[in-house]
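Here is a short briefing on one protein model. Look over the sequence and the fold, then read the points below.

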Amino acid sequence: GSGLTAAVLLAPMAHGQASPAAPVRYDMDVGTATGAGMGAGAINPLAMLTGRGGNEPRKELYLRLGSPTAPANGARPQADHFMPSVARLGASVPLVTPERQPREEGDGIPGQRDGERPRGRILIFWGCGAHAPAGQPVVIDLSRLAAGQMPTGLFSTSVPRDRSVTFGNSRTYGDWPNSRGRTQLSPQSSLVGAHRIAGNYSPEIAFSLTQDFMPALTATGTAQPDQSTQLSWNSVAGATGYYAWTMGMKPDASGNSGDMVWWSSSATQQFGGGLWDWLSPGTVSTLIRQRVVMAPTQTSCLVPAEVKQAAPDFMFGNLYAYGPEANFAFPPRPANARTPWSPIWTARVRYRANTSWMIGMPGMGGD
């Protein structure tokens, strides 16, 4: 349903091996990032202040393999993703099984250290427009929370993070990048071609991609006479929709954490969750109708003047262009939805472009 054409190479199970009750699942999240070093849906604003990355596009790839079975005879889990040579990652990359459940990005409050008692306030704005409407900002007083406690209503519950493969929902799990696979994608890397995933806890998975990394997304910010900020960006081929957010800080008189100021382009109060991750075209289409995500024809948005007034020194933010998706399975999904279907494996490839920037600092989009 994504409009992508791709050949599914049939990958039979080893002779005599029964299909598990649940299929083996494989996820590939493919990204093109520009700006101040943000990627992988990361939301730690401190990382943006290091000035890493510049505006050169950075290609991102995140691989996750989940199986309902364990390796035979107590063997250590082992799996590899064999890439086309144009990926420039060598013959394969290792999918390593972590010893303990990895911490999901976005579990904490941005700008707050783990285990530290929260301080200051969060002022939340949303919606494109020159001025914030009545009822904004919503104010969350972090000082009233216990250490490690998350405030209610901070992150979106209506747009959950869509991870079909996680450590927690898999008997055996492997991912990349990891400590063993340090090879990085180059600006010339391409994903077009044949892909094969082989391991001792999964059947062989094979498919071919015709969709490559999305084009780079870049944004500029222009202060308006009414103190609002005009965000503008290039139209990205293949984008299904756009979503922007900014985060600013206003230290207290002692220079400590004071107010954190959040704004998102959604017409309703929607932050984080799946919006800071990869989203399927179907989900994006629904969110556009709900005015949570901007349409793919939109290339600008006004950040209300009140956001800048609340965080006058600087703000930083991110803009996402959600992209297409490719799905594969063996046996392939029957054309007739009523036909019984028990796939041995499924694979999903999602695409996204994002850019991060600094407002109120020199060279927005290039810093």
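**Disulfide and overall make-up**

Cys128 and Cys301 form a disulfide, with 2.0 Å between their sulfur atoms; the term covers cysteine sulfur pairs within 2.5 Å. A search of the whole structure finds one disulfide. This is a predicted model: local features need pLDDT of at least 70, side-chain atom pairs count only at pLDDT 80 or more, and totals for chains, interfaces and linings use all residues. Residues are numbered from 1 along each chain as its sequence is written, and side-chain values use heavy atoms, with hydrogens and water left out.

**The disulfide in detail**

- The torsion about the S-S bond of Cys128 and Cys301 is about -105 degrees, so the disulfide is left-handed.
- Cys128 lies in the loop between E5 and E6, and Cys301 in strand E14 (residues 300–303), so the pair ties together parts that are 173 residues apart in sequence.
- Helices (H or I, at least four residues) and strands (E, at least two) are DSSP runs, numbered from the N terminus.
- Cys301 is buried at 3% relative accessible area, whereas Cys128 is partly exposed at 37%.
- Buried means under 20% relative accessible area, exposed over 50%, and partly exposed in between (1.4 Å probe, protein chains only).

- The protein has three helices and 16 strands.
- Of its 367 residues, 47% are buried.
- The accessible surface comes to about 16,600 Å², and 51% of this belongs to carbon and sulfur atoms. Areas come from the Shrake-Rupley method with a 1.4 Å probe; for residues, only the protein chains shown count as cover.
- Among contacts between residues at least 6 apart in sequence, 75% join residues at least 24 apart. Contact means heavy atoms within 4.5 Å.

**Nonpolar cores**

- The largest nonpolar core has 55 residues. Such a core is a set of buried Ala, Val, Leu, Ile, Met, Phe, Trp, Tyr and Cys residues joined through side-chain atoms within 4.5 Å.
- Tyr26, Leu61 and Phe207 have the most contacts inside this core.
- Not counting residues up to four places away in sequence, Tyr26 touches residues including Leu63, Leu95, Val165, Ile197, Phe207 and Arg348.
- A second, separate core of 24 residues includes Val159, Phe271, Leu287 and Tyr322.
- In soluble globular proteins, nonpolar side chains tend to be buried together.

**Strand E13**

- Strand E13 (residues 259–264) is mostly covered, with six of its six residues buried.
- Asp259, Val261 and Trp263 are buried on one side, and Met260, Trp262 and Ser264 on the other.
- E5 and E13 run parallel and are joined by six bridges. Two strands pair if DSSP finds at least two bridges between them.
- Arg121 stands opposite Asp259 in E13.
- Strand E12 (residues 241–250) pairs with E13 in the antiparallel sense, over six bridges.
- Met249 has Met260 in E13 as its bridge partner.

**Backbone points to check**

- The Gln136 to Pro137 peptide bond is cis, with omega near 0 degrees. Pro137 is in the loop between strand E5 (121–126) and strand E6 (138–141).
- The Trp176 to Pro177 peptide bond is cis, with omega near 5 degrees. Pro177 is in the loop between strand E7 (172–176) and strand E8 (193–199).
- Asn73 has a positive phi, near 60 degrees, and is not glycine. The loop between strand E2 (58–67) and strand E3 (79–82) holds Asn73, which counts as exposed at 85% relative accessibility.
- Arg88 has a phi near 60 degrees, a positive value in a residue other than glycine. Arg88 is in the loop between E3 and strand E4 (92–94).
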